[in-house]
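Good morning, and thank you for coming.

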2 protein chains.
Amino acid sequence: MNITIKQKYQEYVIQMQKIADLGAAASVLSWDNEVNIPSGSHNLRAKQLATLSGVIHGLTTDKKFGKLLRDLAKEDLPLKHRRNIAFSLKEYDKNFKFSQEFVVKKTMAIAEAFHAWSEAKTKADFTIFAPSLDKLLAIVREEVRIVGYEHHPYDTMLDNYEPELTVTKLDKIFGQVKSQLVPFIQQIKPQGDKKLLHQHFPKDKQWAFGLDLLKSIGFNFEQGRQDISSHPFTISFGSEDVRLTTRVDEQDFANMTWSCIHEGGHGMYEQGLPAKEYGLPSGTYASLAIHESQSRLWENNIGRSKFFWQYHYPRLKKIFPAQFQGTSLQQFYLALNIVKKNHIRTEADELHYHLHVLIRYEIEKEILSSSIKAKDIKELWNEHYKNYVGVKIKNDREGILQDVHWSHGSFGYFPTYSLGSFYAAQFFAKIKSIHTDVENKIAKGDYSQVHTWLKDNIYKHGRTYTAEELCKKATGSGLDFGYFMSYVERKYGG
Amino acid sequence: MNITIKQKYQEYVIQMQKIADLGAAASVLSWDNEVNIPSGSHNLRAKQLATLSGVIHGLTTDKKFGKLLRDLAKEDLPLKHRRNIAFSLKEYDKNFKFSQEFVVKKTMAIAEAFHAWSEAKTKADFTIFAPSLDKLLAIVREEVRIVGYEHHPYDTMLDNYEPELTVTKLDKIFGQVKSQLVPFIQQIKPQGDKKLLHQHFPKDKQWAFGLDLLKSIGFNFEQGRQDISSHPFTISFGSEDVRLTTRVDEQDFANMTWSCIHEGGHGMYEQGLPAKEYGLPSGTYASLAIHESQSRLWENNIGRSKFFWQYHYPRLKKIFPAQFQGTSLQQFYLALNIVKKNHIRTEADELHYHLHVLIRYEIEKEILSSSIKAKDIKELWNEHYKNYVGVKIKNDREGILQDVHWSHGSFGYFPTYSLGSFYAAQFFAKIKSIHTDVENKIAKGDYSQVHTWLKDNIYKHGRTYTAEELCKKATGSGLDFGYFMSYVERKYGG
């Protein structure tokens with residue numbers, strides 16, 4: 001790069017880091033809102049967050065910044081720089097298409113919908129949420145008209161969460177879910193004793209064990225922490241300060257334990273992103289599916305394996321000697337891998353989980369390509385659960401109201417959950433093909449091979465590559481559902 | 001106000017609330033930095049805070065905003081509005097006098113000085129801090145030249161913390177400290193057993209007792225919370241979200257207990273400020289001295305009184321039965337009011353405390369009116385401690401390095417500490433003159449008379465009046481040191 005271009009690129013970096021600093025400030029306020037805020041302070045905080053968002057929006061749609069991006073996009077930059085500019089310009093152009101009125105209208109509709117959804121869920125009555133949902137659907141359809149699309153209107157929404165993901169790609173993958181995973185699940189025989197993880201596990205001891213697990217798998221507490229919130233999440237203020245949250249259920253050992261490992265996977269990805277690329281696409285996660293691949297790899301491929309618990313189960317027994325007295329590792333392992341159909345996505349096992357996502361995918365595709373109304377969506381929901389999962393929805397709380405996403409206007413998010421698991425299976429297969437002793441190492445509490453591979457193949461690239469490119473670079477091929485099927489066949493077959 | 005003026009005033013309010021929202025965001029980041037931040041994340045946070053400060057500085061020095069203030073200042077507004085505009089314009093004009101270069105230079109010098117001070121204090125070696133202090137002194141003297149002054153250069157610095165406070169006023173008050181308080185202290189006979197509060201008091205029990213005290217005196221936990229930090233402080237994100245911090249020393253019962261009551265007094269003031277005036281001078285604290293009057297009134301006039309402990313001591317004995325077995329209320333009361341000369345301001349009793357402040361006042365006055373150098377300031381320090389307090393400074397850590405304020409560039413802050421105690425005595429005397437049974441009520445755990453008086457006379461006015469005006473309105477006269485002398489004579493005399 002010549003000096004003028006270098007200077008221009010530096011201007012770009014400065015503006016991006018300014019936006020990142022303010023975005024991090026908003027994240028601290030959001031984190032505090034979930035973790036610490038006194039009960040009577042939510043309105044004040046909402047106002048402060050709105051002001052901060054307004055300032056950030058002003059910076060991200062600044063016309064001078066737009067011109068800078070367009071100038072730089074014309075130059076012959078090195079790959080990483082080129083990708084940063086291309087991604088930032090794409091975001092800029094998208095933001096710029098939305099009028100201030102549209103943004104405010106959407107924000108208001110979401111606030112209203114979230115409120116209605118909360119009440120509706122409490123009362124298990126979808127009719128309370130339906131009018132707000134219809135309003136939100138109209139806005140989402142308008143969003144697609146504003147942004148435009150090439151093949152399928154749903155592609156526009158998918159791209160918000162997973163750049164370059166399309167209906168064509170997802171139809172292929174969920175087609176395999178239907179043709180391969182569904183029949184596979186049907187022939188699995190019930191095993192494992194559910195009661196084993198549903199004894200009394202005192203809060204303090206669970207908390208200590210969860211922290212111990214996180215330290216053991218490699219979450220860095222010098223650049224992060226864990227707290228309690230009502231729903232577990234991971235939030236990053238930069239790779240040097242990553243916060244996890246969890247919750248403790250004294251009657252359910254699984255609740256906190258695998259939330260720790262899951263969020264720990266997200267957190268280690270955030271901590272592993274290159275700090276010197278702070279604020280730039282090259283310093284942020286590749287996509288939501290890749291993010292989810294990191295949590296699922298640790299939660300399921302590692303955290304629900306027998307080799308993982310070969311190391312941790314003896315330690316666990318020391319903390320809860322009465323609860324696990326006389327229980328073998330094999331019995332414990334079976335208990336944490338029970339396969340059983342149910343109504344609730346977040347409580348599903350790692351196989352049924354994808355049927356839950358499949359249902360949401362089919363419904364969202366329908367929403368974006370038709371003018372279907374809320375009340376018909378509910379019918380569709382209940383029908384799909386009967387056909388795909390084989391359960392009858394007893395009430396709306398356990399049915400269409402179970403997830404918050406739609407009330408947030410998040411249509412296109414769910415598919416990334418399944419893709420995350422499928423990428424995770426492919427990544428772990430690759431790690432095993434390189435390090436044939438990786439399971440033995442993990443059984444000794446040594447995760448160094450996993451960490452090194454993830455750092456070199458996932459973490460360090462940030463968003464320089466799309467999810468598909470990253471997967472090809474890392475494993476030799478694009479996403480292949482076959483790896484997930486091999487993983488589950490080996491684990492649950494025969 | 002006619003419609004045009006009303007609209008202009010509304011524009012002013014919107015801009016002020018935007019600034020307040022971003023200021024609150026910065027406060028959340030600062031609070032989190034003290035309370036939660038992982039050890040390796042301070043640099044990242046400092047950068048994020050600097051960006052946020054830059055954005056706020058841009059808004060507070062915006063030329064359109066300046067014109068709006070100047071336009072409104074010409075109008076005949078109601079008192080509260082007029083005072084808001086006058087105060088905001090004064091701040092605007094002051095901010096505007098500083099070039100960006102000067103602000104950056106000062107910020108850098110403070111960062112360097114704070115770093116040097118921390119190291120110097122750890123090593124008890126003033127020579128490490130002295131060069132940074134000299135640099136900072138030059139900058140502070142430059143600040144005075146930029147802003148200008150009428151009578152005394154120190155007045156400019158005092159006005160930063162306590163609007164309209166001057167050397168003339170302080171010379172009078174500290175003259176009384178020297179002529180009345182100093183001889184009074186000298187004739188106090190030692191009483192009380194120091195060891196009583198220096199037994200082992202387990203952390204969890206102290207924490208529970210501190211929260212209980214805060215609830216009892218009226219701190220609202222629905223709009224606030226308390227956490228642990230290395231130095232106790234109060235911070236407000238708006239009157240609906242006020243955070244206190246404290247620390248626990250298991251070998252010193254006094255450390256946490258009176259920090260809770262002290263910060264609780266600050267916190268109740270912040271919670272009592274009118275929420276509908278959020279972001280405006282009328283919604284903020286009157287001055288630092290008035291703020292300190294609120295903490296000292298609760299900490300000392302109430303919290304170190306026998307009537308306060310008539311209610312709480314029996315409760316305390318239930319929590320620490322072994323520690324206080326056979327100790328009467330009178331013995332306990334004497335132990336928490338021991339008068340004894342010492343080196344450290346923050347550990348001083350409520351009488352000697354003002355000698356510590358007097359020394360800093362005299363030195364700061366000298367600093368601003370001469371070109372005295374760091375090394376001579378140290379000589380002055382040690383001399384003053386010998387003359388005023390009667391102690392020999394053994395090392396710099398216990399001497400000139402004990403307080404952080406100078407390394408922050410805060411010259412003019414210390415006097416507000418003493419003024420706070422003197423205002424508190426005057427306010428409490430007024431409350432007692434109206435409610436002659438207030439001590440009996442407090443002895444029953446009923447603080448309603450105190451709360452009502454503070455709400456009506458202090459809290460609700462925000463910054464509409466200066467400290468002196470407020471004091472006159474509330475008590476009938478300006479600050480009168482005589483009230484403090486009467487309070488201590490009644491308590492410690494004869």
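Which residues of strand 3 of chain A lie on one side, which lie on the other, and are they buried or exposed? Before I answer, please note that this is a predicted model. On one side of the strand we find A:V242, A:L244 and A:T246, on the other A:R243 and A:T245, and all of them are buried. Both faces of strand 3 of chain A are therefore covered, given that buried means under 20% relative accessible area.

Strand 1 of chain A, residues 224–228, pairs with strand 3 in the parallel sense, over five bridges. Within strand 3 of chain A, the residue opposite A:Q226 is A:L244. Strand 2 of chain A, residues 234–236, also pairs with strand 3, but in the antiparallel sense and over three bridges. Here A:S236 has A:V242 as its bridge partner in strand 3 of chain A. Strands 2 and 3 of chain A form a hairpin with five residues between the strands, and in that hairpin A:G238 adopts a positive phi near 125 degrees.

I now move to the second part, the interface.

How many residues of chain A are in contact with chain B? The number is 35, and they meet 34 residues of chain B. The size of an interface is often given as the accessible area lost when the parts come together. For chain A and chain B, the buried area is about 2800 Å², and carbon and sulfur atoms give 56% of that. On the chain A side, A:D21, A:L44 and A:Q48 lose the most area to chain B, together accounting for 18% of what that side buries.

Which elements of chain A supply the side that touches chain B? Helix 1 (3–35), helix 2 (42–60) and strand 1 of chain A each contribute at least two residues. Helix 1 of chain A provides the largest share, eleven residues. Sorted by class, the side of chain A that touches chain B holds 15 nonpolar, ten polar and ten charged residues.

Thank you for your attention.

Key: Residues numbered from 1 in each chain as written. Chains lettered and ligands numbered in written order. Predicted model: local features only at pLDDT ≥ 70, side-chain atom pairs only at ≥ 80, totals over all residues. Heavy atoms only, no water. Buried < 20%, exposed > 50% of the residue type's maximum accessible area, 1.4 Å probe, protein only. Helix = DSSP H or I, 4+ residues; strand = E, 2+ residues; numbered from the N terminus. Pairing = 2+ DSSP bridges. Contact = heavy atoms within 4.5 Å. Buried area = accessible area lost by both parts, 1.4 Å probe. Nonpolar A, V, L, I, M, F, W, Y, C, P; charged D, E, K, R; others polar.
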